[in-house]
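Let's take a friendly walk through a protein model. Have a look at the picture first, and then read on.

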Amino acid sequence: MSTNNPLMNRPVRRPEVLAKRRPGIDYDGLPSSLAETAIEPGDPGYPRVRSNYLRGGAPGLVLLPRDVPEVVDALSFARRHPHLPLGIRSGGHGVSGRSTNDGGLVIDLRRLNTVEVLDRETRLVRIGPGARWKEVAAALRPYGWALGSGDYGGVGVGGLATAGGIGFLSRRHGLTIDHLRAVELVLADGSIVRAGQDEHPDLFWAVRGAGANFGIVTSFEFQVDEVTDVGWAQLALDAADPAGFLLRFGEAAANAPRETTAFLLMGPPRRGRPAVAQVMAMVASADPDVVVEQLRPFAAISALYQQQVVIAPYADVIDNAPDDDHHGQGEPVSRSAFVREITPAFAAAAERLLRSGVVYFFQLRSVGGAVADVAPDATAYPHREAGFQLTAMGIDAKRMDRLWDEVREHFDGLYLSFETDTRPQRLADAFPPPTLDRLRELKRRYDPDNVFRDNFNIDPRTDTSFRDIA
């Protein structure tokens, strides 16, 4: 049972450890339920939890709850520190980097990582937010099931499953959030609720696309898919003509059957080296003939330098991440957008980005297919008509913004998971006016004090609209 007596279970810390405590944190008032596992800046385990995948961090205290009551205790402690940043962390892989901070609090959910089958007949599973997707895939594999989940097995469930979830199975099976049937979450006031189509349906709507604003999800219930072995291809192709390559890739991806989802990765041209683009594609079929036929248009985009095509379990494909801790440094600079199609004008603009010397990572993910089967207003993720999702990472935020603004006319929204520009006007890119208005009203109801603010924050205390701000 959770207890709030701060005199119990408190580890004894040496003076040199106490000297590294950050100001403004009531370390001595930490609930005893959390005191034993909490990590301070001077503790030996601090280097393992201070940063996330891309962002260097120096939080003043990392809390590691082991169950839902301890999550409630952690949130109660955070509410006593409204002046401090508050990061909620599942796997710590989030590109935006909001799951760490400088001098604030982090509630790390890694110990809430169970994967449990609730009903084999309906393929209903319950997953904790701290599980990583490669662990989920491994747990579902013996049943012949899978749940699409991005492209990297080291990502935590909690962040991706509240933002959208664009992965290698999306065109065949939809987004990760499209498989959600219910969530349990701790609200800002510490109450525990279950949200689904029949319970708190408005909250369930908001969690699927803007969940970081509304609470800490402590478990997800998903209806997963029966998935056979899949065709998995990694192709390296000539990209000496970036704009032409983008046009041909866009045509191949848009015309592909929905069984095939393709991602494109490009980098800046380098003097003396051949320009190479990487295409990673998954075909939701175990039939070699089907796999080859659906991959053929991608292999024909340009000269093929290297190829690897296999038939493999989905769990093997997504088992592509080490078990190491994160040791990110600095501040990531990432920009995200949706585009409906790859037009000649967009391809030319993208080539300018690549040749600028500012962008070192450029990725296109094909969507459409089953993603577009869901109505745009059915969830808080509204970008159902997009054909592609774009992510670009750069070396300098100001230069990146200047370049990005020059090509913004080609964009139709953004995906929060890959965006580090947290200025309020970006909300107008992420959510169209009716969606944002509805989210703001729900924020007033469920988090009027704006406890969950250190993200792409829907501030309940303002009626300001950013619809006309660039």
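A crossing of two helices is called left-handed if the near helix is turned anticlockwise from the far one by less than a right angle, and right-handed if clockwise. Helices here are DSSP runs of H or I with at least four residues, strands are E runs of at least two, and both are numbered from the N terminus. In this predicted model, local features need pLDDT of at least 70 and side-chain atom pairs count only at pLDDT 80 or more, while totals for chains, interfaces and linings use all residues. Residues are numbered from 1 along each chain as its sequence is written, and side-chain values use heavy atoms, leaving out hydrogens and water.

**A pair of helices**

Helix α8 passes α15 in a left-handed crossing. Contact (heavy atoms within 4.5 Å) involves these residues:

| Helix | Residues in the contact |
|---|---|
| α8 | Asp202, Leu203, Trp205, Ala206, Ala210 |
| α15 | Thr435, Arg438, Leu439, Leu442, Arg445, Tyr446 |

**Two cores**

A nonpolar core is a set of buried Ala, Val, Leu, Ile, Met, Phe, Trp, Tyr and Cys residues joined through side-chain atoms within 4.5 Å, where buried means under 20% relative accessible area (1.4 Å probe, protein chains only). Which residues have the most contacts inside the largest core? They are Phe245, Phe249, Phe298 and Phe362, in a core of 44 residues. Apart from it lies another core of 41 residues, including Val136 and Leu427.

**A hairpin**

Strands β4 (residues 115-119) and β5 (residues 124-127) pair in the antiparallel sense over 4 bridges; pairing requires at least two bridges found by DSSP. Aspartate 119 stands opposite leucine 124 of β5. With 4 residues between the strands, this hairpin has arginine 123 at a positive phi near 60°.

How values were computed:
Buried < 20%, exposed > 50% of the residue type's maximum accessible area, 1.4 Å probe, protein only.
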